[in-house]
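These notes are for a colleague who is opening this structure for the first time. Please read them with the model on screen.

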Amino acid sequence: MHRLALVGRGKMGRLVEQLAPEYGFHVAVRLTAENNAGGAAITREAFSTIDVAIEFSTPASVVMNLKRLAAAHIPTVTGTTGWNDHLPEVREAFLQAGTGLVWSPNFSVGIAVFRKLAGLAAELFRDEDEYGAWAWEIHHDAKKDAPSGTLQHIIEMMRKRGYPRKIDVAANRAGKHPGTHEIGFDSAADTITLRHAARNREGFARGALKSAGWVVGRKGVYTFDDVLFGTARA
Ligand SMILES: NC(=O)c1ccc[n+]([C@@H]2O[C@H](COP(=O)([O-])OP(=O)(O)OC[C@H]3O[C@@H](n4cnc5c(N)ncnc54)[C@H](OP(=O)(O)O)[C@@H]3O)[C@@H](O)[C@H]2O)c1
């Protein structure tokens, strides 16, 4: 069994903990805001017997947590959202440490496939000027970042595949919603809608655990696409 550190033990961390034995992990360390202020509990000594970490914390704490995990040479999976601007410095920390990181704003296999479909649709509509595009998501009212990292990632893919016109973006936060993402193309003649609806959070936890098994023994910075589809290093 690999020894796993859970950094963040909220809704996602607790679900990862529950499913960890199915993936051959023993949860040996559990960190929260209370016992890891400023990332202080992540040291080489405290993590000397840890094989891999799964980090689901907050946008305010994730960057320090990741830098300290890199400095402690711990292969890491992070699903925390809202920190994309800091990716270059985090990437540098893991590359310098010679340790592996898998990051993704969404560890659902369904979303990974959905993002590829959104990219293909964007490419097919690229030269069809009569079609306008939208992107929309809804999540529970406790989610801090809006629009979601996942929606931004989907839009990025649409741009990468050459969609040149405006994409109208909207987000809602209400109730306990586990998360729906939608993109669409509309013309005078018709509408195409592509929608992914998560039923619960289990798929995210399973994707993170799958990635944790994959990253052990790897160096470099990767996304969930690399784990699933074997694409180039991120
Ligand atoms: N990538 C994905 O597939 C995916 C899926 C769902 C959610 N997310 C993202 O994952 C993150 C966590 O989501 P959640 O629903 O689990 O949030 P949550 O229920 O609010 O839990 C956040 C956890 O982070 C802990 N925390 C805060 N500061 C910390 C620190 N310095 N060190 C360690 N832990 C710290 C909190 O500790 P306390 O318990 O002491 O407050 C809490 O346990 C969010 O950014 C969310 O958007 C990603």
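1. In this predicted model, the C-alpha centres of domain 1 and domain 2 lie 27 Å apart. Domain 1 takes in residues 2-107 together with 202-229, while domain 2 covers 109-197.

2. Where the domains touch, domain 1 contributes eleven residues and domain 2 contributes ten residues. On the side of domain 1 that touches domain 2, helix 6 (202-215) and helix 7 (224-229) each supply at least two residues. Helix 7 gives the most to that side, with three residues. By class, this side of domain 1 has four nonpolar, six polar and one charged residues.

3. Strand 4 (residues 76-78) runs parallel to strand 5 (residues 100-103), and three bridges join the two. In this pairing, V77 has V102 of strand 5 opposite.

4. The other sheet to look at is also open; it has four strands in the order 7-6-8-9, and its pairing is mixed. Strand 7 (167-173) and strand 9 (191-197) form its edges, each pairing on one side only. From one strand to the next, the twist averages 10°.

5. Strand 6 and strand 8, by contrast, pair in the antiparallel sense, over seven bridges. Strand 8 (residues 180-186) and strand 9 are also antiparallel, with seven bridges between them.

6. A133 is partnered by I167 in strand 7. I138 has T180 of strand 8 as its bridge partner, and T180 in turn stands opposite A197 in strand 9.

7. Helix 4 (residues 109-124) lies across strand 8 and strand 9. Relative to strand 9, helix 4 runs at about 165°.

8. How are helix 2 and helix 3 oriented to each other? Helix 2 (residues 62-71) packs against helix 3 (residues 87-97) at an angle of about 10°, and their axes are 8 Å apart. Angles under 35 degrees count as roughly parallel, and the two helices are therefore roughly parallel to each other.

9. From helix 2 come V63, L66, K67, A70 and A71, which meet V90, A93, F94 and A97 of helix 3. By class this gives eight nonpolar, no polar and one charged residues.

10. Last, the ligand. It is surrounded by 31 residues, of which the closest are G10, M12, T32, S61 and G79. Helix 1 (residues 11-19) gives the most to this shell, with three residues. The shell divides into ten nonpolar, 16 polar and five charged residues.

Terms used:
Residues are numbered from 1 along each chain as its sequence is written. This is a predicted model: local features need pLDDT of at least 70, side-chain atom pairs count only at pLDDT 80 or more; totals for chains, interfaces and linings use all residues. Two strands pair if DSSP finds at least two bridges between them. Axes are lines fitted to C-alpha atoms, for helices over the stretch in contact, and angles run from 0 to 180 degrees between N-to-C directions. Two residues are in contact if their C-beta atoms, placed from the backbone, lie within 7 Å. Angles under 35 degrees count as roughly parallel, over 145 as roughly antiparallel, 65 to 115 as roughly perpendicular and the rest as oblique. Ala, Val, Leu, Ile, Met, Phe, Trp, Tyr, Cys and Pro count as nonpolar, Asp, Glu, Lys and Arg as charged, and the others, Gly among them, as polar. Domain bounds come from an automatic or database domain assignment. A residue is near a molecule or strand if its C-beta atom, placed from the backbone, lies within 6 Å of it.
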